[in-house]
Amino acid sequence: MESEKKSRTRYRVAVLGLMLGLLLLMAWNLSMGSTSIPASHIPGIIESRGAGSDGTFYDILWNIRMPRILAGVMLGGALSVSGYLLQTFFANPIAGPYVLGISSGAKLTVALAMVLMLGRGMTLSSLGMTATAFLGSLIAMGFVLLLSNRVRNMSMLVVIGVMIGYICSAITDFVVTFAEDSNIVNLHNWSMGSLSGLEWDDVRLSSVLVMVGLLCAFLLSKPIGAYRLGETYARSMGVNIRRLRILLILISSLLSGVVTAFAGPISFVGIAVPHLIRSLIRSDTPIRMIPATFLGGSLVTVLCDGIARSVFAPTELSISSVTALFLVPVVIYMMVQRKGENR
């Protein structure tokens, strides 16, 4: 009883810390960039709605930085929850949408759809991009699942997922390189992973889709918790294993597909953040992990995006370059630790 009380206290403190850190990073991201705006001036600029000499600053804050920050919150959280669900599905802490090639599959289908549409003088809507990315995620996930029936070694399966990701990325690079439409320049930036150029309509649509996926994952907390204890135990608790697996695939594919549709592939957030959160709250209970993982993914993504666009401003790095720099050491540590445990 006492240990459970300490666990709850630790969880609440961790969640409050994540929320506070996220709010501070959002404020920092609003003020930093190629045009620095003092944090103390931001409330007045937004309240004035750009009246007088604050028009340019208001446009930068409200129409450029704010949508980008909120998109980072939603998409980073979605990617982390997707990674947690995949790690649950494969019972392996180094599974994730980027490592297993799922993000690359979504990137490929979106790139093909955009090139075909632009070649005919049409544009692909945000909803169309999301649907296309979702389809690509499902196709890549299907390949991984098909191979998982023949390859029982999870380390080998991860290597195969990485190879699938390389193949999809190579085809995407060919498509982007040889496309004739000048608008494909934007596609190249997107294919490297970027939150740049997102507007309020993108934030609204992505937020709705992410919240639907997050709600579905949260409602499955109890079945997921039973599933983590073994299929036999889950069946004894009345869990339909086949249906649960299908739902895990659909939800994780939806979340990773939404991220890829709007921001391109963002590396290593989905694999590293669940591990960091698990170490922070010292619990693997899904009802706790899902909200905390969402907050952790949001915090890491907003931090990395702020670094990507402000450190070398006005030159902007791809967000995947920054996330890889910070999170690859975490992934290496996880793999080494897992290898040591298996000896």
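Author: Let's start with H3 and helix H12 (residues 269-281), whose axes come within 7 Å and cross at roughly 80°. That makes H3 roughly perpendicular to H12, a label used for angles of 65 to 115 degrees, whereas under 35 counts as roughly parallel, over 145 as roughly antiparallel and the rest as oblique. On the H3 side the contact uses Gly76, Leu79, Ser80, Gly83, Tyr84 and Gln87, and H12 brings Val269, Gly270, Ile271, Val273, Pro274 and Arg278 (contact means heavy atoms within 4.5 Å). Sorted by class, that's 6 nonpolar, 5 polar and 1 charged residues; Ala, Val, Leu, Ile, Met, Phe, Trp, Tyr, Cys and Pro count as nonpolar, Asp, Glu, Lys and Arg as charged, and the others, Gly among them, as polar.

Some ground rules: this is a predicted model, where local features need pLDDT of at least 70 and side-chain atom pairs count only at pLDDT 80 or more, while totals for chains, interfaces and linings use all residues. Residues are numbered from 1 along each chain as its sequence is written, and side-chain values use heavy atoms, with hydrogens and water left out. Helices are DSSP runs (H or I, at least four residues), numbered from the N terminus. Axes are lines fitted to C-alpha atoms over the stretch in contact, with angles from 0 to 180 degrees between N-to-C directions.

Next comes helix H13 (residues 286-310): the axes of H3 and H13 come within 7 Å and cross at roughly 135°, so the two are oblique to each other. By class, the H3 contact with H13 has 11 nonpolar, 8 polar and 4 charged residues.

Then there's H9 (residues 221-228), which packs on H3 (residues 55-90) at about 40°, with the axes 9 Å apart. H3 and H9 are therefore oblique too, and their crossing is left-handed. Tyr84, Leu85, Thr88 and Phe89 of H3 meet Ile224, Tyr227 and Arg228 of H9, giving 5 nonpolar, 1 polar and 1 charged residues.

Finally, the largest cavity has a lining that includes Val269, Gly270 and Ile271, along with Tyr98 and Phe268. By class, that lining has 7 nonpolar, 3 polar and no charged residues.

Notes
A crossing is left-handed if the near helix is turned anticlockwise from the far one by less than a right angle, and right-handed if clockwise. On a 1 Å grid over the protein atoms alone, a cavity is a set of points where a 1.4 Å probe fits but cannot get out, and a pocket is an open set with protein on both sides within 12 Å along at least five of seven lines; lining residues have an atom within 4 Å of a point.
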